[in-house]
Amino acid sequence: MKTRWMVVASAALAVALAACSPALNWRSVAVPEAALQVMLPCKPDNAVRTVELAGAPLALSLLSCDADGATFAVSYATLTDPARAGVALEHWRAATLARIGVAVPAASAPASSAAAPVQMQPFVPAGALALPQAVRTTVQGKRPDGTAVTAHAAWFARALGSEVRVYHAVVFADKARPAVADTFFAGLELR
């Protein structure tokens with residue numbers, strides 16, 4: 001029993017140390033305009049641009065930084081029509097995955113036997129809306145230059161009075177980095 005406990009403890013320590021690489025200087029970053037607190041391993045840059053999301057032009061705000069061969073990003077936008085939150089998350093997910101060459105079939109489309117289906121799991125941080133489109137996934141794709149990329153990504157939403165804020169968080173890296181992604185996603189806190 002003691003040996004089994006030591007094996008479990010050693011495995012947990014290895015995962016924790018992988019997320020605490022010296023190249024990853026994790027820090028808590030407050031984003032008051034997004035009512036969000038995020039853990040990032042580097043100092044983020046900020047940008048705002050207008051995008052079309054679920055058929056409406058929206059101001060999309062982005063925080064992103066690069067560390068240890070990975071890009072970490074959190075983006076958000078506010079919808080004036082709360083009924084569009086699920087559609088917006090679905091549209092955002094499809095657009096993000098399409099950019100790296102990953103197709104996500106519609107729920108009514110037959111599954112293709114040529115490619116493994118994209119696995120989604122619910123992702124609903126405390127205070128977020130429990131929408132079916134609030135999900136997290138890890139997928140393999142290609143950058144525009146053809147090199148391989150792994151995306152650890154999540155989409156979620158929260159109600160803010162008569163509006164809804166939608167969020168997208170992602171880690172892009174050359175290979176899967178589940179411990180790093182888990183640290184990043186665990187550090188997303190709605191305020």
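**Asp-68 first.** I started at Asp-68, which sits in the loop between S4 and strand S5 (70-79). Helices (H or I, at least four residues) and strands (E, at least two) are DSSP runs here, numbered from the N terminus. Phi of Asp-68 is near 50 degrees, a positive value in a residue other than glycine. Buried or exposed, or in between? Asp-68 comes out partly exposed, with a relative accessible area of 36%. My cut-offs: buried is under 20% relative accessible area, exposed is over 50%, partly exposed is in between (1.4 Å probe, protein chains only).

**Ground rules.** This is a predicted model, and local features need pLDDT of at least 70, side-chain atom pairs count only at pLDDT 80 or more, while totals for chains, interfaces and linings use all residues. Residues are numbered from 1 along each chain as its sequence is written, and side-chain values use heavy atoms, with hydrogens and water left out.

**Ala-35.** Ala-35 is found in the loop between strand S1 (27-31) and S2. That stretch is the hairpin of S1 and S2, with four residues between the strands. Ala-35 is buried, at a relative accessible area of 16%.

I then followed the pairing around S2. Two strands pair if DSSP finds at least two bridges between them. S1 and S2 run antiparallel and are joined by five bridges. Which residue of S2 is the bridge partner of Ala-30? I find Gln-37 there. Gln-37 also stands opposite Glu-189 in S10. S2 and strand S10 (residues 189-190) pair in the antiparallel sense over two bridges. S2 is mostly covered, with four of its five residues buried.

**The disulfide.** How many disulfides does the structure hold? I get one. For the record, a disulfide here is a pair of cysteine sulfur atoms within 2.5 Å. Cys-42 is joined to Cys-65, with S to S at 2.0 Å. The pair links distant parts of the chain, 23 residues apart: Cys-42 is in the loop between strand S2 (36-40) and strand S3 (45-53), and Cys-65 is in strand S4 (residues 56-67). The link is right-handed, with 70 degrees about the S-S bond. I checked the accessibility too, and both Cys-42 and Cys-65 are buried.

**The seven-stranded sheet.** I wrote down the order of the open sheet as S3-S4-S5-S9-S8-S7-S6, seven strands with antiparallel pairing. Which are the edge strands? They are S3 and strand S6 (121-122), each pairing on one side only. A reminder to myself: strands of a sheet pair through backbone hydrogen bonds, either parallel or antiparallel.

I went through some of the pairs:

- S3 and S4 pair in the antiparallel sense over nine bridges, and Asp-45 stands opposite Ser-64 in S4.
- S6 and S7 run antiparallel and are joined by two bridges; the bridge partner of Pro-122 in S7 is Val-135.
- S7 and S8 run antiparallel and are joined by eight bridges, and Thr-137 stands opposite Ala-153 in S8.

The hairpin of S7 and S8 has five residues between the strands, and Gly-146 takes a positive phi near 90 degrees there.

**Helix H2.** I moved to H2, which has 15 residues and reaches 21 Å from its first C-alpha to its last, close to the 21 Å expected at 1.5 Å a residue. The expected span is 1.5 Å times one less than the number of residues.

Which residues of H2 are buried? I list Ala-85, Gly-86, Ala-88, Leu-89, Trp-92, Arg-93, Thr-96 and Leu-97. They cover an arc of only 160 degrees around the axis, so they are on the same side of H2. The arc is that of the directions from the helix axis to the C-beta atoms.

What covers the buried residues of H2 includes S3, S4, S5, S7, S8 and S9; contact means heavy atoms within 4.5 Å. Last, I noted what comes after the helix: H2 is followed by Gly-101, whose phi is positive, near 80 degrees.
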